[in-house]
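Reader: I am new to this structure and would like to know what the terms used for it rest on. Please show it to me, and then I will ask.

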Amino acid sequence: MADPIISFKNFSFQYRAQKQPTLHDINLDIYPGERVLIAGPSGSGKSTLASCINGLIPFSYPGQCTGTLTVDGVDAPHSSIFQLSQHVGTVLQDPDGQFIGLTVGEDIAFSLENDCVAQPEMKDTVKRVAGLVGVDGLLDLAPHELSGGQKQRVGLAGVMVDRVQILLFDEPLANLDPATGKSTMELIDEIQEKTQTTVVIIEHRLEDVLWRHVDRIILVNEGRILADTTPDQLLSGSLLRDNGIREPLYLTALKYAGVEITPEKHPDHLDRLVLDEGDVRKVQDWFTAVGQPPEKPERPVLLEGKHLNFGYTPDRQILHDVNFVIHEGEMVSIVGHNGTGKSTLAKLICGFETPDSGQLLLEGKDITQDSIRSRAAQIGYVMQNPNQMISKTMIFEEVALGLSRSGLSQEEIRTRVEETLKICGLYPFRNWPISALSFGQKKRVTIASVLVMGPKLILLDEPTAGQDYRHYTEIMEFLRQLNRRGVTVVMITHDMHLMLEYTPRALAFSGGRLIADTTAAQVLCDPELTQRAALKETSLFGLAQKCGIDRPLEFVDRFIGYEESQREVKE
Amino acid sequence: MNKNSSVKTVVAVGIGAALFFVLGRFVAIPSGIPNTNISVQYAVLALLAAMYGPVAGGLIGFIGHTLIDLSWGGSPWWSWIIASAFVGVVVGLFAKSLALSEGDFGKKKMVTFAVANVVANAIAWGVIAPVLDIAIYSEPVEKVFAQGAMAAVANSLTAVIIGLLLVVAFTKTIAKKGSLDKE
Amino acid sequence: MAAKTVLNYLPRKSVVHSLTGTTKLAFFLCFTFASMITYDTRVLAGLLAVSLVCFKLSHIKLREVRFMLVFMLIFLVLNNLFIYLFSPDQGTAIYGTRTVLCHLFWRYDITAEQLFYTLNITLKYFVALPVAILFISATNPSEFASSLNSIGISYRVGYSVAIALRYIPDIQRDYHNISQAQQARGVELGKTEKLWTRLKNAVTILLPLILTSLNRIDVISNAMELRGFGKNPKRTWYTHRPFRTTDYLALALGAALFAVSMTVTLVCGRFYNPFI
């Protein structure tokens with residue numbers, strides 16, 4: 001084998017502001033042309049590892065390096081970001097932060113401009129690379145005219161103009177809907193094949209990354225490498241699960257059915273998965289044994305939208321004749337690709353915008369003309385980014401903010417806030433500054449600050465975006481508890497696991513129209529619907545077909561029912 | 001390290017000017033005096049200048065204010081733009097002694113911040129803007145000084161009150177985690 | 001709102017549009033300074049004529065820039081009113097004579113000098129208006145940064161301007177979202193609140209906006225550095241366009257106007273005085 005292109009030897013790193021090293025004694029070789037996935041939960045050190053490769057560490061985030069790190073022949077810790085950027089192209093997680101130029105063409109050319117490349121050559125390169133990633137028709141467009149997936153392609157083009165040997169992707173799927181995530185992985189695959197670059201992907205969404213072939217997975221936790229092996233090997237053990245990485249759903253199902261997973265069965269992709277007769281029988285038997293979950297009784301209607309139409313400008317209508325019903329005590333997800341009007345619908349429901357026509361009824365009462373404030377007492381809205389909602393420095397003050405104009409006495413406010421904090425598990429922290437909290441805890445604070453107003457329904461925008469499995473579970477279990485207390489929960493989401501596991505019902509949008517109102521399982525088993533709503537068919541569906549189960553939809557239903565009963569047993 | 005901070009300054013100036021623009025152009029908080037709004041952008045300018053220093057502060061004021069004037073469609077009113085830049089520079093001169101990134105913002109620093117802002121705004125609107133108005137536009141002395149005095153008082157108050165509240169809240173967010181106990 | 005609409009860029013095929021950004025910026029600055037130096041009515045009238053011709057050449061319709069005109073008109077009327085209120089005899093102070101046309105009340109007379117002075121101020125402002133509107137409506141924002149750089153300003157400062165234009169729409173959207181979510185919690189900035197509450201509420205909205213923006217600064221500066229920004233003392237520009245004959249002509253015109261204005265001011269003084 002050739003010499004490694006990236007080589008860590010006894011490498012450790014400690015941030016200047018921290019007492020403990022973040023990376024301990026890393027030994028890792030990555031070879032030219034390899035595709036490597038670095039996986040690990042939040043705070044595991046996987047992003048730190050990536051920043052060492054592209055030079056953000058130690059040049060932007062100073063600290064102490066020991067051991068050696070060679071990147072494409074360069075002694076990384078003793079070179080510079082600029083030198084490394086000739087060898088490593090980094091695509092950051094936030095596509096809006098990465099997109100610096102005013103138009104696509106300018107952004108792709110950015111690095112060439114900094115290298116003082118002459119204009120004719122620059123234009124040629126931009127054209128060539130834009131063609132390679134499929135944005136050649138968009139060179140004059142501004143960032144806000146592009147979808148998230150297109151922005152990401154531009155980001156990739158912008159680092160490829162340097163003819164780098166290594167492409168580094170920092171959580172490339174975090175901000176994308178499942179369908180776009182799928183095509184991103186296809187694009188990375190295609191680019192790797194064409195250019196033979198080395199690809200390093202940092203992600204915790206394992207099943208989505210494995211949509212295309214990956215040579216190796218490096219599992220990182222607590223600053224150490226726990227595994228460095230093929231996907232088949234790693235998926236056959238329990239290391240992933242033990243370290244807070246979610247395994248592909250079809251493997252979970254196989255394990256429920258008692259099928260033993262071994263590397264020979266090629267568990268890394270459903271299409272390559274080899275099941276013998278015995279395995280298939282186990283799955284079928286499990287399917288019969290579990291049985292159909294009980295039907296939930298119909299409950300009274302809480303919120304109803306009738307013939308809603310809306311556009312920010314008269315010439316561009318966003319929502320077209322939307323009709324929907326939310327029942328009391330339900331948990332519902334709203335899905336569909338970016339820009340299809342999901343967030344706009346949320347704004348209409350909260351009264352941030354007024355529909356051009358149509359009606360909103362809450363418990364049968366018309367609230368279309370009610371003010372934001374009066375609606376907020378009934379419907380709570382939680383933004384995607386808690387940092388955009390939090391405006392006080394202490395937890396107690398933050399949660400109490402919404403009550404300050406309610407006319408309640410200080411004493412009443414204190415009681416209500418404390419009660420809410422107890423429900424949200426934040427009571428022990430009530431006098432802490434918010435800055436000391438983790439992302440998940442901050443999210444809880446924002447939910448608490450909405451809950452304190454006593455709403456009947458809370459509406460959350462992407463509650464789990466960018467969260468690893470542990471935080472995801474923490475947030476979702478908390479929402480489920482609230483739901484059991486009688487709060488109706490509506491979520492805008494891209495997360496198919498969330499849909500399947502927590503929301504029996506899903507409303508799917510496409511092009512500003514409601515295209516489906518059915519069970520989450522049904523949405524994820526219908527190829528046409530998944531495509532129109534920018535989702536991905538669930539792998540459970542494929543597994544059922546592979547095992548010759550003629551009612552795959554029921555298989556999915558039973559899987560969900562089984563998981564729920566398992567959780568209840570645990571509680 | 002040095003190079004990095006210069007890239008950061010370029011970005012801070014850009015984002016700061018964008019903030020100055022958005023707040024100055026689209027956010028109107030009535031002051032209580034008819035047709036006069038509180039210019040919150042000067043509070044944000046004070047915070048950013050105190051964080052990033054005189055060069056960044058001056059440029060944020062200059063670029064932000066020029067963009068606002070251009071977006072209204074007139075030719076830029078240079079005398080007032082220069083005054084905005086001046087405020088950024090003067091407050092920025094105190095960046096070192098305020099040391100916001102340390103997170104500990106005591107009474108002494110509050111006084112420094114307030115004094116810096118009052119001085120900066122008083123000179124900018126009370127002297128620079130009117131004098132330039134007279135030099136460039138030959139406007140009458142009484143009018144420009146009356147206008148300048150009003151702006152000086154209003155912007156000083158905004159920068160001191162809102163600016164101070166912002167700075168205090170901001171420094172609290174970077175407070176050391178230290179010895180926090182659950183209760 | 002897009003960067004293009006922040007400054008109301010109106011793309012089109014015209015002589016003015018085809019000039020490079022650098023030319024437009026330089027012409028705009030020459031013209032503004034020319035109109036700033038002088039108060040000579042004849043020079044101002046000449047400049048206004050040039051300005052209007054430029055506007056005509058740009059194929060931009062008056063109604064497309066109506067809101068700017070209206071805004072400027074209101075500003076001018078108010079400004080003139082204030083000037084009159086504060087010093088009804090500014091005209092006399094400048095021109096040395098006092099020709100009363102009619103008396104109003106107290107110290108307020110309408111004098112020919114004051115009217116002439118008001119006319120000059122209005123003229124002075126209107127002279128630059130079409131050129132200013134043209135500069136922003138006929139220049140692609142993508143050319144701003146490279147234009148600033150090519151008239152001698154550091155590319156770093158030029159790029160700060162580009163970043164401001166790039167992220168204004170994003171920050172505006174952030175502000176909008178944050179203030180809506182806060183309104184739902186009863187945080188209002190309107191007149192229904194007491195002034196002190198209003199100020200505190202402003203902080204409630206500004207703090208998350210600033211913290212998000214500071215975070216943005218970190219992400220963007222990392223992204224820029226990873227792509228080599230600041231590596232060299234110079235940089236090239238993707239949107240830069242080469243000079244053509246019309247560019248040289250426009251620059252020559254700008255320089256000539258500036259020279260005329262300067263010469264007239266030096267030779268005949270700043271004001272044209274018809275009263276003596």
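Author: A nonpolar core is a set of buried Ala, Val, Leu, Ile, Met, Phe, Trp, Tyr and Cys residues joined through C-beta atoms within 7 Å. The model shown here is predicted.

Reader: Which residues touch the most other members of the largest nonpolar core?

Author: They are B:Val44, B:Leu47, B:Ala50, B:Leu166 and C:Ala164, in a core of 306 residues. Helix H2 (residues 41-72) of chain B gives the most to this core, namely 19 residues.

Reader: What makes B:Val44 a residue in contact with others?

Author: Two residues are in contact if their C-beta atoms lie within 7 Å. Leaving aside residues up to four places away in sequence, B:Val44 touches B:Leu19, B:Phe20 and B:Leu23, and also C:Leu206 and C:Ile210. Therefore the C-beta atom of B:Val44 lies within 7 Å of the C-beta atom of each of these residues.

Reader: Why does the radius of gyration of chain A agree with a compact globule?

Author: For 571 residues, a compact globule would have a radius of gyration near 25 Å, and chain A has 25 Å, so the two agree. Along its principal axes, the C-alpha trace of chain A spans about 70 × 60 × 50 Å. The secondary structure of chain A comes to 24 helices and 20 strands.

Reader: What share of the residues in chain A is buried?

Author: Buried residues are 51% of the 571 in chain A. A residue counts as buried if 20 or more other C-beta atoms lie within 10 Å of its own.

Reader: Where do the domains of chain C lie in its sequence?

Author: The assignment gives domain 1 as 9-140 + 240-268 and domain 2 as 154-226. The C-alpha centres of these two domains of chain C are 34 Å apart.

Reader: What is the predictor's confidence in chain C?

Author: Chain C has a mean pLDDT of 88, and 98% of its residues reach 70 or more. The model as a whole scores ipTM 0.89 and pTM 0.91.

Terms used
Residues numbered from 1 in each chain as written. Chains lettered and ligands numbered in written order. Predicted model: local features only at pLDDT ≥ 70, side-chain atom pairs only at ≥ 80, totals over all residues. Helix = DSSP H or I, 4+ residues; strand = E, 2+ residues; numbered from the N terminus. Rg over C-alpha atoms; globule rule 2.2 N^0.38 Å. Buried ≥ 20, exposed ≤ 12 C-beta atoms within 10 Å, placed from the backbone. pLDDT = per-residue confidence, 0-100. Domains from an automatic or database assignment.
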